[in-house]
Amino acid sequence: MVKKIFITGANGFIGHNLVNYLSGRGYEVYALIRKSTVPCFDLKENVRVIRGDLLDKESLEKNVPQGSVVINLGANPYDPKLSYLVNVGGTRDLIDVCKRKRVKKFIHTSSQSTKIRTKGVYADSKLKCDDMIKESGVNFVILRPSLVYGGGEKGLFNKIKTLVSKAPFIPVFGDGKCKICPIYIDDFCRVVECLIEDSNLKNEVFDVGSRKAITYGEMYEKTIARINGKAKILHIPVTVGIFFGRVFELAKLKNPPFFIDNVIGSTQESFCDARKILDRYRIEPISFDQGLTKALGGNKVNLAVVGLGKMGLMHMSILSTFRDAEIVALVDNNQKLYKVIKSMGVSGRFYQNLEDALRNEKIDGVFILTPTLSHYELVKTAYKYGKSVFVEKPLCFDYGQLKELRKFEKGNEVVTNVGYTLLFKRINRKIRSIIEDNTYGKVVGFDAKFEYGEVLGPKKGWMFSKKMAGGGVLINSGPHILALVNYLFGKPEGIKESAIRKIYSTEVDDEAKMKLKYKNFMGDVFISWSVKGVNIPRTIIDIKFEKGQLWSDGSIIKITTQEKKEVLIQESAIAPLYQNIFNINPDVSGEAYGLEDRLFIENVKSKNLKGDNNLSFALDTEEIIFTCYLKSNAGNGN
Amino acid sequence: MLETEIKQKEIGTVNFEKSESVGNYVVVPNVSAIAREMTGTSQIMIIVKKFLALGWISKITLMVNNMPFVFKLLKMDYATGVKVLCELEILRCKEKSKRSKLFILHSQMVDMALALNNRKVMDNFFWLASRYKFAPGLMTKNLGFFIKFMSLAKQLPMDLVVVSDLKNQNMALSEYLKISQIKFLNICE
C-alpha cells in the first residue's frame, strides 16, 4: 500500500525539495502550506496541497491522514513570540492530532543549535519542543540537521549564495573557525526516506550532516571561489553582529540579512556527529565541493546563442526554463539587440562574433538562429572548436554547402541537430508509431501538404531575395514538411517529378510540388505560402495503407479502416515525451520547439549523435530541396 | 478559487485604428496589432503614434505616470516598454468607456516573463492596476510554471485573476485551483 506522508512547512527550502523527492518516489504526499502562499513544489498526481498552519489546529485535525507518517518541518525562525507559539505550541497541537490519528511515525526536524551553550530564541524554542516530543508518547524521530543546502531560490544557502555573488565583502561572524557538516538536500531527502521505511525505528534522536566537517570560513571561501572569486571575507565581532541582528529585529524587517540566532549559532561549536544515522542506512553524502557544483549548476550544459532575433528570443526563452542548461554567450552583430534581450532577463555575455565567444567562454553547444546564408560558416566555426550545434532549418543554403557538410557525417564526434519542429509534435510521433506498428498494413502511398497564407502579394525583405534566402517557400518551409516525410517514410529513392512556381514574388518560388519515389510506393508533396485564408501554417498528411487510410491536420488523426470504421486520436490524448515542457506558444507548435531544445540538451549530455534530426537526416532532407531547384533551375540547386 | 468561465471571443483587444468598443475583458497589449505595425515602423514610433492618438488628459496622465520610468524607457528596458504599451491601451480604453474592466496581461508577455524569470513585467502591471484601479489579470498557457513562479513572489495583489485553460490539468493542480487564494478563470473556445 502507498504510504501517506503529511509534511508541514512544505513550502520551505527543505519542505518543497522533500515533497518533490517523496512524490517522485511514489509516496502519497499531503503538503501543508500557509493560506497566503502559493506552492513551489511540483503539483503531481500524488501530491495534495493542504492549506493551513501549525497554528490552525483545525487544518491539522481535518487533514492529517490516519496511520500516516508525519514530517514536521514547519517552524518560525526568529520572532520572539511566534517562535514559541509555532515551534512549541503548534507542534504540541500537531502531536495531539497525530496521537488521535494513530500516526505511525513522527519525524521532527530540530536543529544543531539546540546543543550550543548560549541559545537564541529559535534554539531555545526548538529544545523545548524536542523535550515535549520525547515526553509525548508518539513514536518519534528527532533530526538535528547541520546546514542543509542545495540549488534554487529558497533557504539559508541561497541567501549566502546571493550575498556572495552580489556583495563586495562577506560578513563572517567571529573568527569563522566553528565547524559545520553541510549536507546536500538530496542526501537529506534520502535520509528521511530511510527513516520512513525503517520499521525497527523507535524514539531516536539523530544528528544529520556530512561525514566531513568544514569551518564556516572554508564554506564561504569555497562558495566565493565558485561564484566570482572577488568578494572578500570580513570578520565581524560577535557583539557587533548581535547589535545589527537586534536592529533588524526592532526594525521588524520581513527578510533581514541575518538573525541574532545566525550570529550565535555560527560562533559556537555544536559537534555534529552524523555517523550514527549514516552508518545505520549506509549513506555516503556527497562532499561540500560536489554539492556546491550541483547547487550552483556546475554540471549544466553551457550554450552560446547566435542570432538575437525572433527565433533567437523564442529558443532563449525555452532554454532558460531548463535547470540543466545555461546561456553563457549571446552572439549578434547588432549590439542594440543585446540591450533589449538583457533587459528581458536573458543571461550571458555579449559577443559580436562566434569565434570570440568560443575562445572566451566554456561552451558545450551553439544555437545558430541566424538567416540561412550564415549557417554554414557558423556551423564550421563551431565544428572547428569541437562544439555541438543546433541550427534552425534549413541547415544549408545551397548544394555546394550540402556537399561540404557531407564530409562531416563520419568521424565528427559532436552533436548536430536541425530545427525541424514538426518531428517533435506529439501527433507526428504517433503517426510514425502507427506506420511502424503495421496495424493497417504497409504504406501504399501518401499526400503531404504544408500551406499558409503569408505571401499574398509582392513582399520585401531578405526572405524574398534569392541571393539572401537561396530560394522561396521550398527552402523556407520545405524543410519542415520534407523532414516530416523523411521521418515518417524514410529517405526516398528519388524525385519522379517536381515543379516550382512564382505567384506573387518576383525572385523566389511561392509554391512547390513534387512526387517522391520509394521502393514500393509514391508520395506527393505540396508546399505553398500563398494560400488565402490560412493564417497559421497547416500540415496535412494523408496516408494510404493496405488496410486503411490515415488523415491528419496536425491536431487530430483520423483513421478509416477497410471495414469503414473510424478511429479518432486527438493530440491532447497522446502522452508527451517529456513532462513539464515549457510551451512558449501553443498556437504555433510551442511544445515541439520545447521538445527539440530539450532533446538537443539531452543529446549533448549523452553525446548522442543519432537523434532524429541529426546531420545525416538533415542532409538527406535538404538534398531533396536542392535537387528540385536543380531540376527547375530556379533556386540554389547549383 | 475557481471563477466562472470566459469564452475566447469575449476577450477584446484595444485597436487604435478602429473606434470599436471592447467588452469587459481586455487583453493588453494588442500583440498581433503591434506585430503588424512592427513590419513598417520601429518600437519607439509605435509608442509615439499611439501616444499622439490619445486625448489631452490621457497624454498628461501618461507623461506624469512615466516620469520615473523615462530613463529606463530610453535604455530600451523591456519591462518598461511593455508597461507603457499596456498603459497606452488602458488609457485609450478608459477614454472610450468609463465602465470598469478586467485588464489582462497578454500570455506572450506573461509566459516570456515566466521563462526568463523577469518579475518586473508583472510588477509593472500590478503597478498599473493599482494606479488605474482595476483587478489585474494575467493570462498564461503554462499554468504549472506560472504557479511555481508566483510562489516566489514577495507579495501578490489580493484581487489577482489568472486566466488560463484550466481543463486538462492534473488532479493535484485542479484541486489546488479550488483552494488557492488566487482567482482562476477558465478560458474556453
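Biologist: In the hairpin of β26(A) and β27(A), which residue takes a positive phi?

Modeller: This is a predicted model. Four residues lie between the two strands of that hairpin. The one with a positive phi, near 65 degrees, is A:K564.

Biologist: Which residue in the turn between β25(A) and β26(A) has a positive phi?

Modeller: Strand β25 (residues 548-552) of chain A and strand β26 (residues 556-561) of chain A run antiparallel and are joined by five bridges. They form a hairpin with three residues between the strands. In that turn, a positive phi of about 95 degrees belongs to A:G554.

Biologist: Which residue of β26(A) is the bridge partner of A:G548?

Modeller: A:G548 falls in β25(A), which covers residues 548-552. Its bridge partner in β26(A) is A:T561.

Biologist: What is the distance between the end C-alpha atoms of helix α21 (residues 590-606) of chain A, and what span should its residues give?

Modeller: The helix has 17 residues, and at 1.5 Å a residue they should span 24 Å. The computed distance agrees with this, as the end C-alpha atoms are 25 Å apart.

Biologist: How many residues of α21(A) are buried, and which residue just after the helix takes a positive phi?

Modeller: α21(A) is mostly covered, with 14 of its 17 residues buried. Just after the helix, the positive phi, about 50 degrees, is that of A:K607.

Biologist: What percentage of the residues of chain A count as buried?

Modeller: Chain A holds 22 helices and 27 strands. Along the principal axes, its C-alpha atoms fill a box of roughly 90 × 60 × 45 Å. Of its 638 residues, the buried share is 47%.

Biologist: How many residues of chain B that touch chain A are nonpolar, polar and charged?

Modeller: The contact takes 32 residues from chain A and 30 residues from chain B. On the chain B side, the elements giving two or more residues are α5 (78-96), α6 (107-115), α8 (143-151) and α9 (171-179) of chain B. The residues on that side divide into six charged, nine polar and 15 nonpolar.

Methods: Residues are numbered from 1 along each chain as its sequence is written. Chains are lettered from A and ligands numbered from 1 in the order in which they are written. This is a predicted model: local features need pLDDT of at least 70, side-chain atom pairs count only at pLDDT 80 or more; totals for chains, interfaces and linings use all residues. Two residues are in contact if their C-beta atoms, placed from the backbone, lie within 7 Å. Ala, Val, Leu, Ile, Met, Phe, Trp, Tyr, Cys and Pro count as nonpolar, Asp, Glu, Lys and Arg as charged, and the others, Gly among them, as polar. Two strands pair if DSSP finds at least two bridges between them. The expected span of a helix is 1.5 Å times one less than its number of residues. A residue is buried if 20 or more other C-beta atoms lie within 10 Å of its own, exposed if 12 or fewer, and partly exposed in between; C-beta atoms are placed from the backbone.
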